[in-house]
Amino acid sequence: MSDQFLKDKFWFKNMSRLQSCFQHCQELQYLPEGLFGDSEQSSLGSCYNAFYQCDKLRYIPYLGIPTGTGQTVQLRNIFHSAVSLTKIPEGFTFQTVQGNGLNAVFHECRSIKDFSAIFDGTTDAFANINRTTVQMQSLFRGFTQLTEFPYVGDFNKCDNATQLFYSCKNVKRFNSLYTHLDFTNTTDMANCFQNMENLEELPEIKVRSLTDANSTNQT
């Protein structure tokens with residue numbers, strides 16, 4: 001299927017669902033420029049499992065996740081196990097994420113080195129989320145190629161940090177912009193730093209009410 005065919009047929013023009021669209025496309029290496037347009041996909045809802053286990057996919061062109069006042073977009077598992085993905089696509093935002101939160105969004109995306117789409121050096125990646133709190137289970141699980149975890153934003157909207165940094169095996173430290181890790185709205189941190197085998201230091205960790213059962217199990 002040629003790039004031009006995909007564009008001419010407007011397969012992804014103003015789409016409402018991307019759910020499981022490319023799931024298990026294990027030989028897919030890239031997507032053509034312009035496939036998702038160059039502006040916000042204002043009607044987009046579920047992106048669940050959209051690129052799940054696209055093992056060889058290295059690059060996704062601009063993907064304009066809706067912004068505004070809503071809380072309707074399902075991002076859970078969108079890039080789950082896209083192990084060759086090197087960059088978060090431009091246009092990607094957490095702002096309108098719905099109830100399932102950010103669970104496993106970048107699970108095992110071990111090759112991502114470019115975080116500029118969600119943190120451009122000034123804007124906190126999580127600051128404009130419309131929800132008061134949001135689940136972040138396994139959000140950055142398995143980032144095995146990083147030696148320093150980059151600053152992407154404050155975690156004070158995180159209500160569940162289970163396995164958040166699980167198996168980030170080569171991370172030695174967090175970027176110095178993290179004067180502390182703010183988990184004051186978090187109720188569960190089980191396995192949060194488990195299997196970080198080379199971790200040498202942590203910023204101060206602030207918590208307030210870890211109320212879930214076994215909330216510090218193997219933290």
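Biologist: Let's start with Arg173: how does its relative accessibility count, as buried, partly exposed or exposed?

Modeller: Arg173 counts as partly exposed, at 28% relative accessibility. The cut-offs explain the label, because buried means under 20% and exposed means over 50%. Keep in mind that this is a predicted model. Glu201 falls in the middle class too, being partly exposed with a relative accessible area of 47%.

Biologist: With which residue does Glu201 form a salt bridge?

Modeller: The general idea is that side chains of opposite charge can pair when their charged atoms come close. Here Glu201 pairs with Arg173, and their closest N and O atoms are 3.8 Å apart. Glu201 sits in the loop between β5 (180–183) and β6, while Arg173 is in strand β4, so this pair ties together parts that are 28 residues apart in sequence. Elsewhere, salt bridges with shared partners join Glu108, Arg110 and Arg141 into one network.

Biologist: How many salt bridges are found in the whole structure, and how far apart are the closest N and O atoms of Arg110 and Glu108?

Modeller: The search finds 6 salt bridges. In the bridge between Arg110 and Glu108, the closest N and O atoms are 3.2 Å apart. Arg110 is partly exposed, with a relative accessible area of 32%, whereas Glu108 is buried at 17%. Glu108 also forms a salt bridge with Arg141, where the closest atoms are 3.9 Å apart. Arg141 lies in the loop between β1 and β2 (148–149) and Glu108 in the loop between α1 and β1, so they link parts that are 33 residues apart in sequence. Both Arg141 and Glu108 are buried.

Biologist: Now cysteines. How many disulfides does the search find?

Modeller: A disulfide is a covalent bond between the sulfur atoms of two cysteines. The search of the whole structure finds 0 of them. For Cys54, the closest cysteine sulfur is that of Cys25 at 5.3 Å, which is too far for a bond. Cys158 is in no disulfide either, with the nearest cysteine sulfur, in Cys192, 7.5 Å away. Cys54 is buried at 0% relative accessibility, and Cys158 is buried at 0% as well.

Biologist: Which residues touch the most other members of the largest nonpolar core?

Modeller: That core has 60 residues, and Phe51, Phe106, Phe140 and Phe165 touch the most other members. Beyond its sequence neighbours within four places, Phe51 contacts residues including Leu18, Phe22, Phe36, Ile60 and Phe79.

Notes
Residues numbered from 1 in each chain as written. Predicted model: local features only at pLDDT ≥ 70, side-chain atom pairs only at ≥ 80, totals over all residues. Heavy atoms only, no water. Disulfide = S-S within 2.5 Å. Buried < 20%, exposed > 50% of the residue type's maximum accessible area, 1.4 Å probe, protein only. Core = buried A, V, L, I, M, F, W, Y, C linked by side-chain atoms within 4.5 Å. Contact = heavy atoms within 4.5 Å. Salt bridge = Lys/Arg side-chain N within 4 Å of Asp/Glu carboxyl O. Helix = DSSP H or I, 4+ residues; strand = E, 2+ residues; numbered from the N terminus.
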